[in-house]
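Biologist: I'm new to this one. Can you walk me through a few spots?

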Amino acid sequence: MIDFPKPDVEELLQTVSIIDFAVSPDEKQLIICTNISDKYNLWAMDLPNAFPYRLTFNNQPCKGLLYDQEGRFVIAGFDHDGDENTQFFALKPQGGALKKVVYQENTRNFQPLLSKDGERLYYTSSKGNPGYLNTYCLHLKTGEETTVLEGSGGATYIAEVSEDETTILYSKGFSNTNSLYYAKVGEEDILLTPPTEKEHTVSFAVLTSPTEVYLVTDYEADFSYLAKFNLETKTFTKVMELPKEGFTTLTYDKEHRILYITAEKGVEDRLYAYHVDEGTWENIVIPCDLISKVVVAKSGTVYLLGGGSVKLGNVYKREGDEWVQITRNKMVGMTEEDFVAPEVVTYSSFDGLEIEALFYKAKEEHDKGEMILWPHGGPQSAERKSFNAIFQYFLSNGYSIFAPNFRGSTGYGLSFTKMVERAWGAGARLDNIAGLDWLIDTGYAKKGEIIVMGGSYGGYMSLLLHGRHADYFKAVVDVCGPSNLFSFINSVPEDWKPVMDAWVGHPERDREKLIEYSPDTYVDQMTKPMLVVQGANDPRVVKAESDQIVEALKEKGRDITYIVMEDEGHGFAKRENLIEVFRQVLEFMEKYASEPANVQ
């Protein structure tokens, strides 16, 4: 028998990702946004053939992808090296040169929608109204543009335009847990949920007739459900809810009048079909743990992009009651059995609140007794059963990973998600510590021998835990984490600023709390070796956030390593950067590797 070497970083982090897809109206072509060529580009497959061919060469991930309904062209959005200033381009289905459609430097553009005849493009933009955003209608032949929505009060995004273009659905966000939907019918703006002082969300809405809207909302509830609103009678009706599940998106099959509804239940997703005319409900078994996108073709055929903790993302097509895998994305030289699937565990926090976590245990043949605490980003997000090549890389090198869904995480109800608002460094921090105590008490880790690592809010939490609970850790890795909440509030994109008061806090009214919750308040207590990683083009957590904590620690004479990726934003879009950074992260952690702990 031949003994093969265990996968190196180049193998595990060579993972191919599919982050978006679209299907041509005749279902003869599938377009995917993938990094199959190391950098993200658009590729296509002529169905049912499986061999992909390249459409673009701009080496940027796509932020919006849609076909003209006649299949004559494709609209796609691209930013530049992570700056999130997305511009919209048109290209032929056969690929080739990109034609600028919406292009204005230093603007952020969102939500492209084409009219039924493909002659007009609706989109939301920061131009002219960077704080609250406006929506425009661009005539693609003449270049004439009109303003159809002027944002106010909260960031305002277009969601849908009726086929006759007389009704527009749009959302208005005041925070992640306070968002409303409206229908603009002529000059009238109709709120789709009954007026109330109680904050709630509407996360999705679709028109199923000129007078009927179906929506996903948690109005007067903790978990979101399916409701409908009659635009003529102004009547709101709850249609369907499920215990401890939150509905997330809607995709409408106009021909057969079926709503496909995605839902999240903790760390996994569900898919349902609601037959509008019959009022019947169907639970659809899916071939994956998580769903990234659902598309319904004109024929009614359902396509989805999904993956799981040991399964890479792929596009599937539903044929009868079966799913047929269209793309063949898999890890070279490895099978699903080679990866580590997480255990779903629960523990009680400091106040008795139950916290769910994903616990990835390194396989016995690799296990070094090392433990990584991974606080997720967001914070109003969650660690879920998605394939994470970085996790698998560390697991193959003997590091187990504990990823808690602390208070503020999504998937556990509105009240749970709201617990982190204006309390970034309070309960969520203690939930992480309670998770560490659970690991220590059960013998999976030793106090003082744990590594904490996270990105974005997870980077912030890594810094804060370092400053306030350094005795738990031996090393810290921060990837693009805010270090000072005052400077963070002032430096986010303009369309984020209206929500910062409700989300993070007010610089004057909440001054004492923001000082308490800012990691740089505790620089003196940050005594452990630390590695900081930052994208130079990051618009969400700007480079100055990392610069200032690194400089402060250098002045204290601390062991600090700083990596700046000049062509990245909030994360890693280029594979060579991902490999370079996490090779250095592993080398950093290996410097502080300890003797094996008493691992059960």
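Modeller: Contact means heavy atoms within 4.5 Å. This is a predicted model: local features need pLDDT of at least 70, side-chain atom pairs count only at pLDDT 80 or more, and totals for chains, interfaces and linings use all residues. Residues are numbered from 1 along each chain as its sequence is written, and side-chain values use heavy atoms, with hydrogens and water left out.

Biologist: Okay. Which residues is Glu84 in contact with, leaving aside neighbours within four places in sequence?

Modeller: Lys63, Asp79, Arg108, Pro539, Arg540 and His570.

Biologist: Where is Glu84 found?

Modeller: In the loop between strand S6 (74–78) and strand S7 (87–91). Helices (H or I, at least four residues) and strands (E, at least two) are DSSP runs, numbered from the N terminus.

Biologist: Is Glu84 buried or exposed?

Modeller: Glu84 has 14% relative accessibility, so it counts as buried. Buried means under 20% relative accessible area, exposed over 50%, partly exposed in between (1.4 Å probe, protein chains only).

Biologist: And what separates the C-alpha atoms of Glu84 and Lys63?

Modeller: 8.9 Å, with the two residues 21 apart along the chain.

Biologist: New topic. Where does Ser546 lie?

Modeller: In helix H9 (residues 543–555). Its relative accessibility is 0%, so Ser546 counts as buried.

Biologist: What does the Ser546 side chain make a polar contact with?

Modeller: The side chain of Gln534, at 2.6 Å. A polar contact is a pair of N or O atoms within 3.5 Å; within protein, one must be able to donate a hydrogen and the other to accept it, and residues adjacent in sequence count only if both atoms are side-chain atoms. Not counting residues up to four places away in sequence, Ser546 touches Asp478, Cys480, Val532, Val533, Gln534 and Tyr562.

Biologist: Now sheets. What order do the four strands of the open sheet have?

Modeller: S1-S2-S3-S4, paired antiparallel. Two strands pair if DSSP finds at least two bridges between them. Strand S1 (18–23) and strand S4 (53–54) are the edges, each pairing on one side only.

Biologist: How many bridges join S3 to S4?

Modeller: Two, with S3 covering residues 39–46. Trp43 has Arg54 in S4 as its bridge partner.

Biologist: Last one. Which residues in H4 meet H5?

Modeller: Ala428, Arg429, Asn432 and Ile433 in H4. On the H5 side they meet Tyr457, Met461, Leu464, Leu465 and Arg468.
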